[in-house]
Amino acid sequence: MVATSCSELLFQTKFTASHPHKLYRKFSRSCSQTTSLSGSSSQARTYLSIDSTIKRTGNVGGPYVYGPAQKRSVVGKTFCAVGVSTYGENVAEYQPHLHAAEDKVGVLLLNLGGPETLHDVQPFLFNLFADPDIIRLPRLFRFLQWPLAKLISVLRAPKSKEGYAAIGGGSPLRKITDEQAHALKMALEKKNLPVNVYVGMRYWYPFTEEAVQQIKRDRITRLVVLPLYPQFSISTTGSSIRVLQGIFREDAYLSKLPVSIIRSWYQREGYINSMADLIQKELENFSRPDEVMIFFSAHGVPVSYVEDAGDPYKEQMEECIYLIMQNLKDRGIDNYHTLAYQSRVGPVQWLKPYTDEVLVELGKKGVKNLLAVPVSFVSEHIETLEEIDMEYKHLALESGIENWGRVPALNCTSSFISDLADAVIDALPSAMAMSNSRNISDEDERDPMEYAIKVFFGSILAFVLALFPKNGTRIQESSPLKVKKEL
């Protein structure tokens, strides 16, 4: 997979009664860059070398200690709208009681989806691998996209089924997302904003295309798109936005619909408070809470996404951790903490430090009490229930850590849902038609030869990794990048 590449996808979806799981897609042009949307200061953090000593003043993990970030005025500010518009400072406040009669507001929650039963695993994997963002083929070989997706999904299904069987036979992601949608609708109604809330999944039911068609049937007049990823990445929020742009630009009604997209919300005060509340509550389960290492684990991305494609994910993640720890410090909680990244695959370099390696290192350094915090996930799913709760817990205990705890995902935590409702209200004034906005993939193909070379070799690498992994693979439903070792 090539980190500097992205796709604007046009979908033509056909559903049949006899094969409801099949998703047929047509793909359009590719591009080489995506816009950095963090909107925050680019001040660099300090990286200090570490040997055997854990230093009190920073994060611990791998070969680095992350020094404290410079304090930034970002709490409560969210970035939205199609293009790079922001809101929160120069936009008039949206007053629901003045607009209710004239607007029919919709909220679209975006997630990646996951197989609900073991029978769903293979078609879910097919949809995943049929996406050019996962296996990139040069234009001349794109006719192989579906055959390759079919082959790889068939080969991978048995191993993937084992992982889902371990957590009950399927992903709970749809059920939890539906519950979050209902809770968000109720929260907005309490704030005097009646809305229709829709759920659109990237690779499984209900597909984004289905949700968009329902939005059209309901004649929504103003739409807020809320990806359920706190931090922006071109592999999650970026991919879903490209899908929407393709659908909306091909439809006369949708292309004129005012839309506001909340690209990231990791720095919202309500989200930070909710995360800190959960951490504080779980710390109380330890006999000596002040001795507990707070271990943040986020899903990883290849380093090239950050360095070559300008993905703001790493910077946003580090800033998110800083804000959470500052919130805890204000409560008198000043534990050691570290951030690591899980679910890497293959020979390419992914964001470091790696979760499994840091757990082993912490055990060697004598850490006995550890609280795992799945920071990039707002719903329980296979990466929390199987990877963290089973694999990483086993590794931690095996490495010498004696007391293990895990902060639950936010799910439908009331303070979290209330803050999402506020984010929706904040976003409404910036809504604009997609046809009048700049595509995030417009800055493309400045060097066609370099792009073609990267796509070609990236496709070969992705194909080899998918067919011949070292220890078997599992596909995670929380990110399209997750082709994970050791099912």
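## Ground rules

A residue is called buried here when its relative accessible area is under 20%, exposed when over 50%, and partly exposed in between, using a 1.4 Å probe and protein chains only. This is a predicted model, in which local features need pLDDT of at least 70 and side-chain atom pairs count only at pLDDT 80 or more, while totals for chains, interfaces and linings use all residues. Numbering starts from 1 along each chain as its sequence is written, and side-chain values use heavy atoms, with hydrogens and water left out.

## The whole protein

There are 13 helices and 18 strands, taken as DSSP runs (helices H or I, at least four residues; strands E, at least two) and numbered from the N terminus. Of the 487 residues, 60% are buried. Take the contacts (heavy atoms within 4.5 Å) between residues at least 6 apart in sequence: 81% of these join residues at least 24 apart.

Helix α7 covers residues 269–283, and its end C-alpha atoms sit 21 Å apart, which agrees with the 21 Å its 15 residues should span at 1.5 Å a residue. That expected span is 1.5 Å times one less than the number of residues. Buried in α7 are G270, Y271, I272, S274, M275, A276, L278, I279, E282 and L283. Their cover includes the strands β12 (293–299), β14 (369–374) and β15 (403–406), plus the helices α9 (313–330) and α12 (414–427).

As for α12, its axis lies 8 Å from that of α7, at an angle of about 170 degrees. Axes are lines fitted to C-alpha atoms, for helices over the stretch in contact, with angles running from 0 to 180 degrees between N-to-C directions. So the α7 and α12 pair is roughly antiparallel (over 145 degrees; under 35 is roughly parallel, 65 to 115 roughly perpendicular, the rest oblique). G270, Y271, S274 and D277 of α7 meet S415, F416 and D419 of α12.

## R406 in strand β15

R406 belongs to β15 and counts as buried, at 15% relative accessibility. Its side chain makes polar contacts with the side chains of E380 (3.0 Å) and D389 (2.8 Å). A polar contact is a pair of N or O atoms within 3.5 Å; within protein, one must be able to donate a hydrogen and the other to accept it, and residues adjacent in sequence count only if both atoms are side-chain atoms. Leaving aside residues up to four places away in sequence, R406 also touches others, including E282 and L371.

## α3 across α11

Helices α3 (residues 145–166) and α11 (residues 382–398) have axes that come within 9 Å and cross at roughly 85 degrees, which means they are roughly perpendicular. G163, Y164 and A166 of α3 meet I382, E386 and M390 of α11.
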